[in-house]
Amino acid sequence: MYSGRCKCEDISFEIKGKPTWKVNCNCNWCQKTSGSAFRSFVLFNEKEIKYLGKKPTSYEDKKTDHGRSMINLFCSNCGTLIGIKVPSIDEQHFSIGVLDQRKDINITDNIWGEEALQFINYSKDAEVYKKGYWNGTGEKMKIKK
Ligand SMILES: [Zn+2]
Ligand SMILES: [Zn+2]
């Protein structure tokens with residue numbers, strides 16, 4: 001069982017299942033929408049997610065560089081980034097920081113390495129892919145570790 005909440009706790013949730021994937025995304029969109037260097041996501045099947053209070057506010061961006069709509073999910077009160085939703089994928093990406101169990105979660109997969117900022121360092125067990133998972137070829141990057 002996983003659980004989480006935004007900073008003001010207007011939004012809280014419980015998740016029954018295990019993560020379907022865990023990934024750090026270094027793409028331009030994630031940099032822009034987070035205001036940070038990259039976003040770390042833990043994905044769960046939507047059927048296993050239960051929001052207890054308010055649902056996140058959503059903003060759909062139909063003009064992304066990578067050719068697919070992306071929906072940013074956030075708390076309209078405190079601004080915490082709850083995660084994202086990619087239309088046509090029935091999983092929700094949760095921002096790792098909103099999960100209560102975040103300190104127990106390791107992420108080794110990294111995508112959009114070709115858009116990563118110059119100061120990013122990867123862990124020894126990291127896999128770094130040049131592009132994303134729907135329009136990438138699965139090509140890995142050689143990186144300094
Ligand atoms: Zn909030
Ligand atoms: Zn991204």
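A salt bridge is taken here as a side-chain nitrogen of Lys or Arg within 4 Å of a carboxyl oxygen of Asp or Glu. The model is predicted: local features need pLDDT of at least 70, side-chain atom pairs count only at pLDDT 80 or more, and totals for chains, interfaces and linings use all residues. Residues are numbered from 1 along each chain as its sequence is written, chains are lettered from A and ligands numbered from 1 in the order in which they are written, and side-chain values use heavy atoms, without hydrogens and water.

The chain holds one helix and eleven strands (DSSP runs, numbered from the N terminus: H or I of at least four residues for helices, E of at least two for strands). Their order along the sequence is β-β-β-α-β-β-β-β-β-β-β-β. The C-alpha atoms fill a box of roughly 45 × 35 × 25 Å along the principal axes. Buried residues (under 20% relative accessible area, 1.4 Å probe, protein chains only; exposed is over 50%, partly exposed in between) account for 45% of the 145 residues. Contacts are heavy atoms within 4.5 Å. Of those between residues at least 6 apart in sequence, 51% join residues at least 24 apart.

Glu115 sits in the loop between strand 10 (109–111) and strand 11 (127–128). Glu115 is buried but forms no salt bridge. The nearest side chain of opposite charge is Lys131, 6.7 Å away (Lys and Arg count as positive, Asp and Glu as negative; His and the chain ends are not counted). Beyond its neighbours within four places in sequence, Glu115 contacts Asn26, Cys27, Asn28, Gln31 and His66.
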